[in-house]
Amino acid sequence: MTIEKTLSGQHSLGPTAKPRKSSNRSALAKQLGRVAFILGAGLLMAVVLIQAQGYQAIPTILSGLEYAVGSPQSIARTLAWGLPLFVATMGVAIAYRSGMFNIGAEGQIYAGAMAAALVGAYIGPMFTGLHLLLCIAASAAIGALVAAGLGWLRAAWNVDEVLSTLLSNYIIILFCAYLVTAPLRDPSRQSGSTVPVHDTAMFSEILPKTQLTTAVFLVVVLCAVTWWISEKSVIGYKWRMTGESPDFAAAVGINVRRARIGSMALSGALCGIAGALLVTTSQGRFWTEIGTSIGWDAVLLAMIARARPVSAMIWVAVYCVMRSAARGIEQVSTVPSEISLILIAGIIIAASARAGIFAQLAKARNAYTRSRGKN
Amino acid sequence: MDLFDAFLSSGVRLTTPILLAALACLPTQWTKDLNIGLEGAMLFGAFGGVVFGLMFQSVALGIAATVIAGIISGLIFGYVITRLNVNVFVAGIALNIFAAAATVYLLRSFFGVKGTLSDPGIPSLPVYNIPFIKDIPVIGAIVSGHTILTYLSWVLVAVMVFAVRRTVLVRRLKAAGEHPAALAAAGGNVNRMRVWAQVWCFALCALAGAQLSVGQLTLFTEGMTNGLGFVALAAVIFCRGKVKWLAVMSVIFGLASAVAVQVNDAVVAPQFAQMLPYVIAFIGLIVLAKTSKDGGIRIATPTMEA
Amino acid sequence: MASSGSPTVREASAVSTATPQAADDFVLQLAGITKTFGPVVANHDVDFTLRRGEIHALVGENGAGKTTLMRILYGMYQPDAGSIRLGGREVTLKRPTDSIEHGIGMVHQHFMLVPGFTIAENVTLGSEPRKHGLFDNAAAKAALEEPMRKLGLSIDPDTITGTLNVATQQKLEIIKVLYRGANLIILDEPTAVLTPQETEELFELLKRLAAEGSSVIFISHKLREVFALADRITVLRNGETVETFEAADADPAMVVAAMTGRSDVNLGRVERDRPSDISAFTVEHLSTIKQGSDAALNAVSFQLRAGEVLGIAGVEGNGQASLAEALIGTRPLTAGQIRLGETQLESLSVNDRRAAGLSYVPEDRHLEGLPLNGTVAEGLAAGVLRRDTSPLGLGAAFTSKVRAWGTEMIRKYAIKTSGLDARNSTLSGGNQQKIVMARELEDEPECIILAQPTRGVDLGAIEFLYNQVAEATHRGCAVLLISADLDEILRLSDRVLVMFGGSIVAERSATATSREELGMYMMGIQQTEVSA
Amino acid sequence: GGQAPSSAGADSESLHVGIFVDNAFGDGDFFDQAAVAIDPLTDEQGAVVKTYEGQLQAQNFAPLLQDAADTNDIVFVLGFEAIDALVSVAERNEDTTFVFVDGIVDSPNVISAEFRTAEGCFMAGALAAVVNQANASTTAGFIGGVNAPVVENCETGFTSGVSNVDPAMQVQGQYVGSFTDPSKGREVAIGLMNKGAFSMFAYAGLSGAGAFDAAKSGENIAPIGIVADKSSLAPGLVPGSLTMRVDTVIESLTEKIVDKSTKKGDQLSYGFKEGGWEMIYSDELVTADQITQLDGLQEKLIAGEVKADGK
Ligand SMILES: Nc1ncnc2c1ncn2[C@@H]1O[C@H](COP(=O)(O)OP(=O)(O)OP(=O)(O)O)[C@@H](O)[C@H]1O
Ligand SMILES: Nc1ncnc2c1ncn2[C@@H]1O[C@H](COP(=O)(O)OP(=O)(O)OP(=O)(O)O)[C@@H](O)[C@H]1O
Ligand SMILES: [Mg+2]
Ligand SMILES: [Mg+2]
């Protein structure tokens, strides 16, 4: 019987917290134990899935890792792939941290990409830094506007943001698709895409043939600032408390409404910038499927990281390696690269079930020892 | 058949998977474990319908096997969210991603194909053209010419309406959601109720998916649910636990999709036509939040504790 | 609201309704019960017996393990060790149904009623009458008639439970127990939400049931009630049995000493200076609309002087929560004025009201008082941030400032915790409340609103907190004390206002009134003109 | 157990050919038709073929094309979305010959192979009209995936093909809004049927499968296939298919590149004449006379006597 669990009222991610050890070392050990468990579970799933395809698991995984992180070029390529994802995940995480489940990241990424593509193409050419700044600013603004609007609906009218952001994805993506197939189409192209942005609206490559651009510096700055806002600043405290317990926040004088709208705005701005990066680092224009599923990846990763910025960054890095390794594996075997998505879904379940699994094991062990004791 | 009848007939067909998925999800709302993994569960259902159909060379056996697989999945999902204490929102999102990837993986592994699994050996559900009735305008289009699953979905609506009024089970499901401690104290088993709700959810999602893959079509394609699960989710949220409203919302969404299919791009850009169900849902969400006393619904999102 | 007869007050000399018998007349024997939750030992080697027809009180401070022991008896928890004998036979109670089958019924500390269900549905939940496998509403209603009559309750069984007042809901809990035919009845703090008169009525009923042969276990923090009702009293402390008294041979001081392990606990009025004559806080014609289960405010007016404690008494749900929230600003007003010193507050935000010198200890510390999953530092931080940061709040000093202040508060308020980074949820209720009080009192407010400040806080901590409040009044702070606990109000206040149905129905001096008089007002039986 | 993963870049003697698609194989159309070339390339030309899937993620394109350039001598690139990445990667990898299939890329480093979409779809329209005439239907249906220019080009060709055969015949067009939604595709097909269409042509990827499925389930529809012979999707009900010989184009271009008869910057165009398009007719559903009529029209088209865009 686990009436204990149900009696505690809400169903939470893990069982109610146990007293936290005061020493940092044991906290670190616990954290490492958690990571080890999760990675172990992931590895186990990977081995099973690859073996099931008739390949030797370990050499296959190793060759994938070789592809992903085997050389400075590979690392650069892997990192370059993940740049937008870092920003988007930070964006989603900061909203979660404030109790706003922004699963509209996908739509906000599209909106941001569209804004950057338009500013990049129709304004300029001009000085590169300035042009990029304009593109980023426009995409941040549109992302922020969309997300803040949805945040306002929640703050003012209590419109559930999970569903409203979910639905906004479809509406925004379809609207962008309309724009590129009709009014804003590049007539020289056979598919729906906008005209290309000026060269001055593109980040320049740092390492040749890797796609790693100077955008990496922007991403580092954005991640650092987001971390600082979330964990160190007073406004971050207000947002976190709003997420933790809105009633508490209201009672101590935090403007809950403002915190919700504000955190959503920042979240949307970051997602918008992620969209801008898609345009300004690789594609150079908007097309109907530019952001395919990055927003969902960000939603999942922020969730695994439990919205903690540092752990979000670590998870994005791990995920980028996984995706990159899966692409590498696909080139040397017939293992579909979807394996990385299966793994990430498995890992998120393993991560959130970890405490529950150990509790069940402990219970089984107790039952076993008790039955042994009776005999 | 005139155009209006054709539109209605199309609307009924498009309503069926939405209605089945929404009916599937409803008990999970009662137990406050709203399963947002509908989309993924349906996709597996669609996949199962085709694969088991091929395997048994019989549509009935294929669907039965799919439903059994759904029941087993429901038990596992229920175990994960009750005993392993995984937040249902997290599990649902993971399920959606997992289903999208796993169906591709399985398609490649077992059938060596990507994208579509289409085979002359895939059996399909017959369509029942009811004599006399099929010739009556309007009624004929609505009542006649559908698969058994369409009729079943409406039977299920009636069954659920009755069950809500009269059965002990539904009372306990609702108690498990509204005040779990009360049910536990009264000797009920809260976790069992929560698991039952998920089992029901997956079993019906299996039917909803099968309706897509072997009811409306005889093939499986990657991601063939195309957001239908989320539309059904919206229907569940709007109905506020009431079966009748659930049916009404499903029909509205089905008809909205039918409009999108019928409207030509000379009238309105296809993107706007496609947006229709989502826009209706979005506006509905706002109206619902504005008009309900307790201020809308919250999906059971996880607490983000470290 | 119905009331029965004119209740008389019993003094601490319990009327024994059953004569103690030989050991074989024990309906229940708990021996050596141990139960741990992770590191917490909730019960340790607890022994407990219950005789047929006996009312047995179980007392102890918060967290002493009373509820845990009863939940074990009710099959909700499994003991780690120990035996349960019912009527002499050893039993294993794996789940509540097992206990229900053995004739055990439990009225829980918190209501176990589904708000959206009808009375009939709620009472029968778990053992529904069926016909052809379906719920038989008619049979359910019929089965309710007898227990409802016994409790003098005449409402339609199809009424939705959530719409009933708390006293009626409490009665439903007892009807649930009777419906299942229980003859061993456990009541876990059943009187917390009742007026003295309703309490008295409940006691009459319990005694009648005991006289008819049922056995009752009664958990309460209120010694007055324990002595009014019980035949025997068992005291738990830190999860262990301290002692079992025959009520007739014991007195409150002995029980308190057993509960706390101290002999110097003050149970009387808290010593304070006389309040000044300076008006500090004025409320005029405050009105709100109804939200949730609490009554709307209806032109409430009163005034507080510097250093004064004004008690607001009333049965919960009569507008006290609305009042507290309206004053601090989390609930909108429809009319009225609030003045703190020279400042008009009614149009200010919560933050601005606080900046003007108003402080607030909310009623529900788990929801509003603290971020339960947050750290102690986060719970305290709100106080220092309010004073010391720029409005935009990007100041970098956040962490160091909060930590220095937090460490100071832990020392000053003797908060028992492993440190600033401990989770609030790991602290006991008393220590959680100390965090809230520290945060609010250190603001040096001109007026503080205390809503149920010591609910579920144990005697030691209560004494400490009362002393802090007294100290604040010495500084000239005005205190609005909203409490459902009349003892608390009478011990701390200078004046008492009684709220009923969203209005103030009486004003009394705390030293010139009695529990019974206040009780009459609380039930809305009497009403006087109140001058603001 | 299991086999070891094949290491990249082994066996440097033989010809290495890469096929890159911007989305993924399994579209049931264009990409899968390209994959048909893999076996002939391997068997007949002794090439080592590798495939690359961009998964419609912009960040994937350039790195994968770079990988393809690193391992292959010739890389065929399919999918419009990859053009930008292709141009930049081709510029930096002189050793690899990049071929863009199904469109013109303005780059001196890329060979372009274009299919004259309107010309192919013209014949599909002609077939639709002929089939309709034989079945007393006055409307032909066109199902588009999304309203992208390439699809609209096709619709133009289809419409002029129909009116060339029968100027009085109407064309009803409808877009599914997705290339991957067969159940909507089915509803669209039924919708067009109810507007009077009998023969219909689906240029809609996987969504088009819905039209065949509708026919198979007994709806009164004659679906015309695109890219590959689609008769297996609705056996006995498909009057014909317009096949797009991506595979032969890839094979012949590989040969030409190897024997250096074509070079970077060339822009090739494929129609019926060059073997890019090919009509396949069903013997059961289309009479010999009708086939003769259609073949005649195709000749005229090749000779330039009729124009596919109807001008
Ligand atoms: N489900 C649980 N998980 C962990 N600890 C628990 C649980 N239930 C009770 N405890 C702990 O067990 C101890 C005893 O709790 P219990 O509720 O029995 O006390 P109590 O005497 O009823 O207190 P109160 O007067 O507050 O009702 C407390 O310290 C509490 O922390
Ligand atoms: N379900 C539970 N799971 C884990 N810990 C619990 C649980 N219930 C109570 N506790 C622990 O019990 C302690 C306080 O419990 P207790 O029942 O005494 O609360 P309280 O102070 O009486 O508050 P209240 O009366 O408002 O519920 C805390 O340490 C808390 O962590
Ligand atoms: Mg208790
Ligand atoms: Mg308690």
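Arg108(B) and Glu330(A) form a salt bridge, with their closest N and O atoms 4.0 Å apart; the term stands for a side-chain nitrogen of Lys or Arg within 4 Å of a carboxyl oxygen of Asp or Glu. Across the interface of chain B and chain A, the rule finds one salt bridge. It also finds two residue pairs in polar contact there, both at pLDDT 80 or more. A polar contact is a pair of N or O atoms within 3.5 Å; within protein, one must be able to donate a hydrogen and the other to accept it, and residues adjacent in sequence count only if both atoms are side-chain atoms.

Before going on, a word on conventions. This is a predicted model, in which local features need pLDDT of at least 70 and side-chain atom pairs count only at pLDDT 80 or more, while totals for chains, interfaces and linings use all residues. Residues are numbered from 1 along each chain as its sequence is written, chains are lettered from A and ligands numbered from 1 in the order in which they are written, and side-chain values use heavy atoms, with hydrogens and water left out.

Back to chains A and B: of the five pairs of chains in contact, they share the most contacts, a contact being heavy atoms within 4.5 Å. Here 60 residues of chain B are in contact with 63 residues of chain A. The area buried between them is about 5,700 Å², and carbon and sulfur atoms give 71% of it. Buried area is the accessible area (1.4 Å probe) that two parts lose on being put together, summed over both.

Now turn to chains A and D. About 3,300 Å² is buried between chain A and chain D, with 45% of it on carbon and sulfur atoms. Gln190(A), Lys209(A) and Gln331(A) supply 21% of the area that chain A buries against chain D, more than any other three residues. Five salt bridges are found across the interface of chain A and chain D. In one salt bridge, Glu152(D) meets Arg185(A) at 3.9 Å, N to O. The rule also finds 18 residue pairs in polar contact across the interface of chain A and chain D, both residues at pLDDT 80 or more. On the side of chain A that touches chain D, the elements giving two or more residues are helices H3 (57-69), H4 (72-97), H11 (256-283) and H13 (309-332) of chain A; helices (H or I, at least four residues) and strands (E, at least two) are DSSP runs, numbered from the N terminus. H13(A) provides the largest share of that side, five residues. By class, the side of chain A that touches chain D has 10 nonpolar, 16 polar and 11 charged residues. Ala, Val, Leu, Ile, Met, Phe, Trp, Tyr, Cys and Pro count as nonpolar, Asp, Glu, Lys and Arg as charged, and the others, Gly among them, as polar.

Chain C and chain D are joined by no contact, and their closest C-alpha atoms lie 35 Å apart.
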